[in-house]
Amino acid sequence: MISRRAFCKGSAVSAGLLLNACRSTPFQHTAAPHVVVIGGGFGGATAAKYIRKLDPGIKVTLIEPSEHYVTCPGSNWVFAGLKTIAQLTFSYRALADKYDINVIHDYVTAVDPVKHSIRLSEGSRLRYDRLIVSPGIDFRWDTIAGYDQHTAHSIPHAWKAGEQTAILNRQLQAMADGGTVVICAPPNPFRCPPGPYERASMMAHYLTRHKPKSKILILDPKSQFSKQKLFMSGWEKYYGYGTDHSMIEWISIPDNPVIQLDVNTKTVTTDFADRYTADVLNIIPAQKAGVIAEKAGLTDDSGWCPVNHQSCESSLQPDIHVIGDASKHSPLPKSAFAASSEAKVCAFAVVNLLNDQALMAPAWINTCYSLIAPMHGISVAMVYKLSPDGLVSKVKGSGGLSRQSDEKSRILESGFARQWYDSITADSFL
Ligand SMILES: Cc1cc2nc3c(=O)[nH]c(=O)nc-3n(C[C@H](O)[C@H](O)[C@H](O)COP(=O)(O)OP(=O)(O)OC[C@H]3O[C@@H](n4cnc5c(N)ncnc54)[C@H](O)[C@@H]3O)c2cc1C
C-alpha cells in the first residue's frame, strides 16, 4: 500500500461533520493512489465525491453503466403527480467536471482481489489501490414461480427507478375506475422499508381523485412494517382505512407468502393456494446485494456483504470496501440517507488508510421521510454509533418517530421531505 503523509488526525467523526475542518491540509505525494468505485448511486457517487474533497491527491475512477441516474427516492411521488421522471434524473457531469472524477460509463464484470484489478464489459482492466463497491440491490428471481427479468417488463417491480416506474405509472393511469391494484411487498431485509406503503399512499391519492371506486391490496409477507401506526392513521384520514370503503387494504400473510404468478391473468397465488387477481400488478421481489458483489466473493450466505463497520472494508476480501444497500450495516436501514452516511464514513476511512493514519470512530445518521398525501409527511430518524464490539448500535434517546396527532407537523414534514430530497441529491451528484 502506498504510504502518504498524515492529514486528518482525531479520534472521532460524525460522518460529514468534520469534513471542512479536514480538507485543506496539504500533502506530499509519493504517487497518486487510485481508488475505483463501482456504482454511481447514492453510495458510490457520494464516496467518490468526498474522497476527492478530502484528498485531491487521490485519483478516483467511478464506474457506472448509465449516463444518467434516476433516484428511487421521490419515485413513489410520480404516482401522485408530484414529480416527473425528468425531475428525478441526474447526470454525472458535475462529478467529472467539478471534482475531477474519472467517470467511465461501463459495467464491471469481474473483480480480482489478488491482482487488485477489475474488468470492464468491453474487456479492459483497471488496477486499484482500494476498491469501493456500491452496486445496490438485485432480485431473488427464484422466489416467485413465473416472475423473472423478462416478465418484469409487463409486471413491473419499479424498485429500480426509471423505465420501471414509468411502466407502472402508465398502467395505473390506464386502469379503469373500479380496478384493483395489487402490490406484493418484499420480505425483510429490503431496500427502503417504508417504500411499499408510501407507494400505496401515493397511488391512493391519485385514485381518490380520478378513479374513486378502485382498490389497492398490499400482500405482505411481514407481520409488521416501518412507521405502521403513522401510515395507518394517515390512511384512515385520507383513504377510509378501517371502513368497508377503504381504498387500501393491508393483508399480512407471513405464513402464506405469494409463491406463483400467472402473467396472462395477472393472478398471484399464495402458499395456501389463495388467489388474487389484479388489473395493475406490482411485484417487489425478495432482494440481495447487486450481482457483482457476489461475483467478487463479497457476500455471505445471507446474500449481503459483511463489513468492518469502522472502515466499511469487506470482512471477506482485503482492500475492498462495501457500502449502501449491498452491505450489512444493520440496524441502519437500506436507504439513500444511510448509503450517503456510510459513503462518508468509507471516504474518511479510505483516505486515512491511504495516508497511513488511524481509523476514526464513526457515527451514522438516517432519516426516512414518507408522504401519505401531498401535505402529510411522516418520518423516522435515528443516530447510530460504533459500539465497543465493533457493531453499529442506536444512540439511546436520539431520533424517533413523528408525533401522530400533530397536524401542523404533518404539513411541515411534507415540506421537509421535499427539502431533504433536494439536499441529498445535491450532496451526491452536484
Ligand atoms: C420506491 C423507492 C423509494 C425510496 N425512497 C427513499 C427515500 O425516500 N429515502 C431514502 O433514504 N431512501 C429511499 N429509497 C432507497 C434508496 O433508493 C436506496 O437505499 C439507495 O439508492 C441505495 O444506494 P446504493 O448506492 O446502495 O444503490 P443504488 O442507488 O441502486 O446505486 C447502485 C448503482 O450501481 C450500479 N451498478 C450495479 N452493478 C454494477 C456493475 N457491475 N458495474 C458498474 N455499476 C454497477 C447501478 O447501475 C446503480 O446506478 C427508496 C427506494 C425505492 C425503491
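Of the 34 residues around the ligand, Gly43, Glu64, Tyr69, Arg191 and Asp325 come nearest; a residue belongs here if one of its heavy atoms lies within 4 Å of the molecule. This is a predicted model, where local features need pLDDT of at least 70, side-chain atom pairs count only at pLDDT 80 or more, and totals for chains, interfaces and linings use all residues. Residues are numbered from 1 along each chain as its sequence is written, and side-chain values use heavy atoms, with hydrogens and water left out.

| Protein atom | Ligand atom | Distance |
|---|---|---|
| Phe42, backbone N or O | oxygen | 3.4 Å |
| Val108, backbone N or O | nitrogen | 3.0 Å |
| Arg191, polar side-chain atom | oxygen | 2.5 Å |

Taken alone, the ligand exposes 1,000 Å², and the protein buries 93% of that (Shrake-Rupley areas with a 1.4 Å probe). Two or more residues of the shell come from each of α2 (42-54) and α8 (336-354), with α8 giving the largest share, 3 residues. Helices here are DSSP runs (H or I) of at least four residues, and strands (E) of at least two. By type, the shell holds 18 nonpolar, 10 polar and 6 charged residues; Gly counts as polar, and Asp, Glu, Lys and Arg as charged.

Now to a sheet. Four strands, in the order β14-β13-β12-β18, form an open sheet with parallel pairing; strands pair if DSSP finds at least two bridges between them. At its edges lie β14 (248-252) and β18 (280-283), each pairing on one side only. Strands β12 (residues 180-184) and β13 (residues 215-220) are joined by 5 bridges, and Ile183 has Ile218 of β13 as its bridge partner.

Methods. A polar contact is a pair of N or O atoms within 3.5 Å; within protein, one must be able to donate a hydrogen and the other to accept it, and residues adjacent in sequence count only if both atoms are side-chain atoms.
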